[in-house]
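The following paragraphs lead the reader through selected sites of one structure. Please keep the model in view while reading.

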Amino acid sequence: MSEKYDDLYCIRHTAAHVLAQAVLEFYPEAKLGIGPPVGEGFYYDFDLGADENGRARTFSPDDLPKLEKRMRQIIAGKHPLIYQEVRTEEAQQRFADQPYKLELIEELAAGQVDEYGNEVDEPVVISTYRQNGFEDLCRGPHVAHTGQIPVKGLKLMSIAGAYWRGDEKRPMLQRIYGTAWRNKKELKQYLQMLEEAKARDHRKLGRELEIFILDEDVGPGLPLWLPNGNIMREELEKLAKEVESRAGYVRVATPHIAKEELYIKSGHLDYYLEDMYAPSESGGSRYYLKPMNCPFHHKIFASKPRSYRDLPLRLAEYGMVYRYEQSGTLFGLLRVRAAQQNDAHIYCSEEQFEQEFMAVMDLYRFYFKLFGIEKYVMRFSKHSPKKLGIKYIDNPRLWQKTERMVREAMVNGDVPFVEEADEAAFYGPKIDVQIWSAIGREFSLATNQVDFAQPLRLGLTYTDANGQEQTPLCIHRAPLGSHERFIGFLIEHYAGNFPIWLAPEQVRVIPITDRHNQYAANLASVLQDAEIRAQVDISSSRMQAKIRQAQAMKVPYMLIVGDEEVRNGTVSVRQRDGSQQNDLPLVAFMADVKEKILMRTAIL
Ligand SMILES: [Zn+2]
Ligand SMILES: [Zn+2]
């Protein structure tokens, strides 16, 4: 049994079946969708039919305790889970009144999907699991009997709407989420983590710290950056520019739209159209918002004859991209329709590939260290031979070759990774990077991709040392992802307590009384002249209220100034964590802050 199917997987999987049984007892006419284990728990989707007014029936929050209670009874019954393989017709008979299951059975029989509707390469056996009279389409694995689900580790969490098979055009089903753990302690830890995650939610903190907003009139998935958020963007760009300049990148800039012809040549219209905004027409040409920066960079590569001496050529741009993500998947800054990417394309020969590819992996690791990202997983995403010409450029030889090159580079570079089929980009294999925030929430961040297809399609060439024309390989990479996703991550990772170099406001000067306003204002402008982001609070609030407010905005340093400080030309420093240092010479404070900003230190 692989790691994927560990004891928790079996517990959660079985809990999903028990949930479905309980729901059918309360709602006998319910139609079953799918119910897989996911992340830290499981879910099950149900179609509850229509009420007397023809509206789709929904669960009410009162249902959850009722269902949970019934689940506990079923668990206590220690009902064995019985596996059975069935022929297609037999399966169709058993699930005759379950239209969603029938749809899956048909595809299962054709060998296209597993029982959750996920596409698969191998032929699938149709099988069911049965417990206590309830039968579900399933290939397992499960625990041996329901009594092996730890009752004290189980909890139903929430109800949500979810389109059947994630498709906006299909019916909206009712999804119940649950979680299941080995014992009460594990459940408690998980619930605490959720509480903490809620407090750190980037949508909540993003509004409170005035980082970004979303506006109905602007459109879903199109964030507006407020001044504080924009400072963070600029700091990240500054970081990327420094790092990339040291690594031999040059910078370019490209427009946000381009003619259809470009995307025909690049392959985007054949393989990526679904994710693109609809075109607009002007002057007899059709224009698309760009979903990726690559075709533009390829044109820059092709803007003059290239020789092997020009390679590797590394073109970088913090480029905007627009992707028409399904509205149901949009989520704060983490899934948006407009994003500015830490993008670059590296054109190189095959001989240079491994070194360039690993240099990119080193960049990732440098950033992870800088941001204190301790847990991450590299996933090697490969193509699926069955989908050549549909989802992937039809060139089996180059797929095999580039996948071999990536695997070798990762193995030689001693980078741990997992392999996954059918997750590649349409133009080549890639490494996807998952990272975990300080409290253990998972984010998918960035990719490092190989492209053999676009350079070929766009006719990119260089002359090698023997005077022969060659097609370069292209590496697409975006270690800091997009501003949107990365800042969304950083907000939750730091709970808004950004290291000082990233903090939108670094110092707030707070006078003790009105008498000290002038001194405080002067102090702020001295700091500003030293390129420290400082503000002064000369509002009519009382000092304690001003301190509370600065704390709420998570400003790293407060300088409290009164008679003593005016007399001695000193400052009293109150840090975000509450610690305090009195009567510090201003120059000493400034030198310390400047040093921390310059070194991008993690602590304050
Ligand atoms: Zn199952
Ligand atoms: Zn690209």
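In this predicted model, Ala503 makes contact with Phe498, Arg533 and Pro556, when residues up to four places away in sequence are left aside. Ala503 belongs to the loop that joins helix 14 (483-494) to strand 24 (507-511). Its relative accessibility is 3%, and Ala503 is therefore classed as buried, the cut-off being under 20%. Between Ala503 and Ala76 there are 53 Å in space, C-alpha to C-alpha, and the two are 427 residues apart in sequence.

The metal sites come next. The zinc ion (ligand 1) is held by His13 (NE2), His17 (NE2), Cys138 (SG) and His142 (NE2), at 2.1 to 2.4 Å. Along the chain, these donors show the spacing H-x3-H-x120-C-x3-H. His13, in helix 1 (residues 7-26), and Cys138, in the loop between strand 6 (134-137) and strand 7 (154-163), are 125 residues apart, and the pair links distant parts of the chain. For four tetrahedral donors, the ideal angle is 109.5 degrees. His13 is buried at a relative accessible area of 1%, and Cys138 is buried at 2%.

The zinc ion (ligand 2) is coordinated at 2.0 to 2.4 Å by Cys294 (SG), His345 (NE2) and His476 (ND1). The donor residues of this ion are spaced C-x50-H-x130-H in sequence. Because Cys294 lies in helix 10 (residues 294-301) and His476 in strand 23 (residues 473-477), this pair ties together parts that are 182 residues apart in sequence. Cys294 is buried, with a relative accessible area of 2%, and His476 is also buried, with 5%.

Definitions and conventions:
Residues are numbered from 1 along each chain as its sequence is written. Chains are lettered from A and ligands numbered from 1 in the order in which they are written. This is a predicted model: local features need pLDDT of at least 70, side-chain atom pairs count only at pLDDT 80 or more; totals for chains, interfaces and linings use all residues. Side-chain values use heavy atoms; hydrogens and water are left out. Donors are N, O and S atoms within 2.8 Å of the metal (3.2 Å for Na, K and Ca); water is not among the atoms, so sites may look incomplete. Helices (H or I, at least four residues) and strands (E, at least two) are DSSP runs, numbered from the N terminus. Buried means under 20% relative accessible area, exposed over 50%, partly exposed in between (1.4 Å probe, protein chains only). Contact means heavy atoms within 4.5 Å.
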